[in-house]
Amino acid sequence: MVLLFSLIIYILQTLLPFLAIIIIYNCFKTLRVNTRKDSPLILLVNKNTKEKIPIIHWENSIGRSRSSDIILDGITVSRDHAVLFRRDEGWIISDTGSKTGIYINGNKVNGSKKVSPGDTVDIGGNKLVLERLEDNKILKKSEKLENKSEPSVASSGALLALVAVFHFIAAFTVCFQATQIKFEPAIAFGLITGIGWLFFIITRYVFGRVGFELEALALFLSGIGILTASTVDLKAIYIQASSMFLGMIMFCLILTLIKNPDMAMKFRIYIGVLAILLFAVNIVFGKIKNGSQNWLNVYGLSIQPSEIIKAAFVFVGTSTLEKLQTARNLTGFILFSSLCMLSLFLMGDFGTACVFFTGFLIISFMRSGSLRSLVLVLSGAVLGGLMILKFKPYIVDRFCAWRHVWSYVNDLGCQQTRVLTYSASGGLFGVGIGKGYLRGVFASFTDLIFGVICEEWGLLIGISVVLCIILLGFYARRVSIKSRSVFYSIASCAAAGIIVFQMSLNVFGAADILPLTGVTLPFVSLGGSSMVCSWGLLAFIKASDERTYAARRGRA
Amino acid sequence: MKNTRKRSRFLYLFLVGSLVGLTYFIYEFSINSSYWVFQPFNKHLSSQMTDGGKIIDKNGVILVQTKNGKRVYAENPDIRKAILHTVGDGSTLISTSIQCRYVQEILGYNLITGFGAPEPLNRNKDIKLTLDGEVCAKVSNAFKGKKGTAIAYNYLTGELICSVSLPTYDVYSKPVFTEDNDGIYEGVYINRALSASFVPGSIFKLFTTAAMLNSRNDSENITFECNKIKIYEGEKVTCMKNHGRINLQTGLCKSCDIVFGDIAVELGKDIMLKEIEKFGFNKEIKVDGISLSRSKYDLEGATKADLAWSGIGQYKDLVNPMHMLMVMGAFANGGTPVKPFFIKEIRLSRGDTIFINSPSVYGEMVKKDVSDKIKAMMRNNTKNQYGDSMFPGMKICAKTGTGEVGEGKEPNGWIVGFSEDRKFPIAFVVLVENGGFGIKSAGPIASFMLKTIKANSTIK
């Protein structure tokens, strides 16, 4: 009887990877299906040449330069003349420092001005008229969009149900695995699913947002982390679940905050200042834990400010196309990044500094497009890295064990060798959640969580988690090129880059493919700050999806 | 937007990088998982051992099994002590033990289920050994506290019948090792038959004889002059006795050092090295997948006297007992030995036999005519020197040895040999560390071992 029961539990355990694959496949399938094809939003007719220019993007640069979205000829057209973009109130044209200016129906535009269909816009002698696609055609289109979004909503619920089934099976196997029945996993499951559905209902009916795939994926990952911790104690479950809840609030908050990118641009500066202040507080009052001073005690709660600042970093770095065209230099952002990085070095958090640096690389490249400065920055970073190695000898130790962990089994390579040994002990389907031994090793639920998952959930789930995050990156890049504003595109790519890079540092660091730096696995690792930050970063990817704010517009 | 689209491709760098990393991890996982898993610190090994399959001896006596979630060893404490090095104690300390090396089979570990499979699905395997637990127990006791090893195998089938290594302990009352008992338990985790090499002394003269017979046609007619002392370039080589004029056969029988020193010097470094290496010296040899400690013959920087001593089994010569046993198998079989093995068969705890060991040949060590001549000389040794009375009812060919170890310690006593009678096809090696003369220390143990095997024997 007991034997049969253990067999059933094991069979359920082997089902998990297949469920995971179905969940991931369906999430990305719906994400793919629901992205808009390259159909024009509106037409721009050039009266001089009778050319009809379809406007595909929400933000378009106009100029003589070959890299402009709308290329106009004529010596009086500046290289980057103007930006035509769409906001809630309609289409707006903005002069981005042209020599000859813009005229709407003969009146010169100072700064930016709304353009209505039928208006004639004069740019360096090119007379352009904004024309709607035939009215009924647009209607049909939007109807189509509505129709198309219907099944996606339904499938969002189905997706969430699938995730719940996954978590249920996992919780079930933990509850009934040992000789005595455990209740903690059931509580964990209840919290994950309850919070998940509540979140779904709120986004669907309060915010009226279409699509829940990204959130479902994040819930899927967060649930894996919470269930893994569920065998430790109730406190871990409560901390992790409430952090997920806080993360969801953070997610909504950021989405609301950046709803209007032009507004968001305005208070970037305050966020930046706040972030630096937070770092300063951290350095002054921070607590040293495990070699780095990145913990802050607030009313008995220990938080990691650097995690929260990660989201702020993306916020401060990004920009709308209009601002991008007018203010080309990155000085402000470089200064901000340098201050962030300096703070992290002072705190001794080398891994997070690398993550910030990755964010910096992506943002600065997406803003400037200059490979030359990228190379310059990278070589500067290598130099800086060498300096750190000189002054922080314990980091050198990590490097000397790297790729040689089996020669340092009991000292420098202790964590990595345990990760490899116990990962392999788990096989493809794991030894069962809570039955592993890696959890006894230092930092197992944070830095080595990938090993714990491989050991207890099996290699297949470990791979699924990694693939899930990599696919998130591909998705972010896909939506970013259709996004409503360059602001969202840059933020989305930066957030995705940070999540993917941090995942790589965590997973490959633990598996001795990269040096072990001690960063968390987004969504999965135990730790409130990390969880909140992961959801915060996800908001930037969500914002980049053009559907995110569309449904709300439809209702308004 | 066009620019942004182009520049966003930068993100692919990180995505593709992670994919490459993931692929590499999966590759390493599939290649190295066995190495990763079988680490001494892996707690799954000891905890899962309680689910492990059993190990039985050739007669079906249970050496270790799992009962009520506990690893239970043989009932007889003498058997427990005697088979310690072969079976292991469940830890990874005795690294050549079967519970260590076949842990994958015993625990049913595989890449797919890891250690996760529940009992109805596990693929635990039972292992049947070729050893006779009772013989091992008796032989082990015959050492009377001395260190050393005694091994015997069927030179026709390759099945090891006896393999003991001393010192040993009872897994149920493992002693605490302190500085005080350091001497008694020195190298207790080492299976001396497999993982150690010793100064051979006179048993090495068999190799020197083979080298001589192989390279000189007239060797049986050559006589040597033993005056107890011979000087090579100012360095002395000494013999136990003044043997006067003596030929090869008598030289081997009386174990005259001058004869074999002379042969080594006469043949020269190159020929000696070439001939000795034919037997597998300086090479890796595996028994049941275990790499033996290498037997060494090294003439690097040797003077003439050193060369002479190397022919007598001193200088830098080292011999591994299991390798020596194979050499005995070779002389018994006309120059080509059958490889010894421990594992008779492996079967699933619930089900079919999945592996049955079968005899395999190592390769020719020495030509048949030379081998047969040495066999005759070894038979002559027993008849005329040690006495057939040591081995009643048997026709034993043997050679004793006394390996000087220096440091004021007693020499290692050796006896190696085999039964000429193919109805009792046993080859054997006995080494008693610091036991003194081979014939006095190792001889009685060998005699006792052969008598016990013959008495317990099912070999027809």
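A: Let's start with a term: a salt bridge here is a side-chain nitrogen of Lys or Arg within 4 Å of a carboxyl oxygen of Asp or Glu. Keep in mind as we go that this is a predicted model.

With that in hand, look at where chain B meets chain A. The rule finds one salt bridge across this interface. It pairs A:Arg403 with B:Glu28, and their closest N and O atoms are 3.1 Å apart. On the chain B side, the elements giving two or more residues are helix H1 (2-7), helix H2 (10-37) and helix H3 (43-49). H2(B) gives the most, with 18 residues. By type, the residues on this side split into 24 nonpolar, 13 polar and seven charged.

How much is touching overall? In total, 44 residues of chain B are in contact with 66 residues of chain A. About 4,900 Å² is buried between the two chains, and carbon and sulfur atoms give 72% of that. B:Met1, B:Arg7 and B:Phe41 supply 17% of the area that chain B buries against chain A, more than any other three residues.

Now step inside chain B, to a sheet. Six strands make up an open sheet with mixed pairing, in the order S3-S2-S1-S4-S13-S14. At its edges sit strand S3 (70-73) and strand S14 (353-356), each pairing on one side only. Strand S1 (residues 55-56) and strand S2 (residues 62-67) run antiparallel and are joined by two bridges. Within that pair, B:Ile56 stands opposite B:Ile62 in S2(B).

Just past the helix, B:Lys144 takes a positive phi of about 50°.

Back to salt bridges, this time within chain B. B:Lys174 forms one with B:Asp89, the closest N and O atoms being 4.0 Å apart. B:Lys174 is in the loop between S6 and helix H9 (192-195), while B:Asp89 is in the loop between helix H5 (84-87) and helix H6 (98-101), so the pair ties together parts that are 85 residues apart in sequence. B:Lys174 is partly exposed at 36% relative accessibility, whereas B:Asp89 is buried at 16%.

Another pair lies along one helix. B:Asp372 and B:Lys368 meet in a salt bridge of 2.7 Å, N to O. They are about one helical turn apart, because they sit four residues from each other in helix H15 (residues 368-386) of chain B. B:Asp372 is partly exposed at 29%, and B:Lys368 counts as exposed at 52%.

One more salt bridge joins B:Glu407 to B:Lys409, with their closest N and O atoms 3.9 Å apart. B:Glu407 is exposed, having a relative accessible area of 72%, while B:Lys409 is partly exposed at 47%.

How values were computed: Residues are numbered from 1 along each chain as its sequence is written. Chains are lettered from A and ligands numbered from 1 in the order in which they are written. This is a predicted model: local features need pLDDT of at least 70, side-chain atom pairs count only at pLDDT 80 or more; totals for chains, interfaces and linings use all residues. Side-chain values use heavy atoms; hydrogens and water are left out. Contact means heavy atoms within 4.5 Å. Buried area is the accessible area (1.4 Å probe) that two parts lose on being put together, summed over both. Ala, Val, Leu, Ile, Met, Phe, Trp, Tyr, Cys and Pro count as nonpolar, Asp, Glu, Lys and Arg as charged, and the others, Gly among them, as polar. Two strands pair if DSSP finds at least two bridges between them. Buried means under 20% relative accessible area, exposed over 50%, partly exposed in between (1.4 Å probe, protein chains only).
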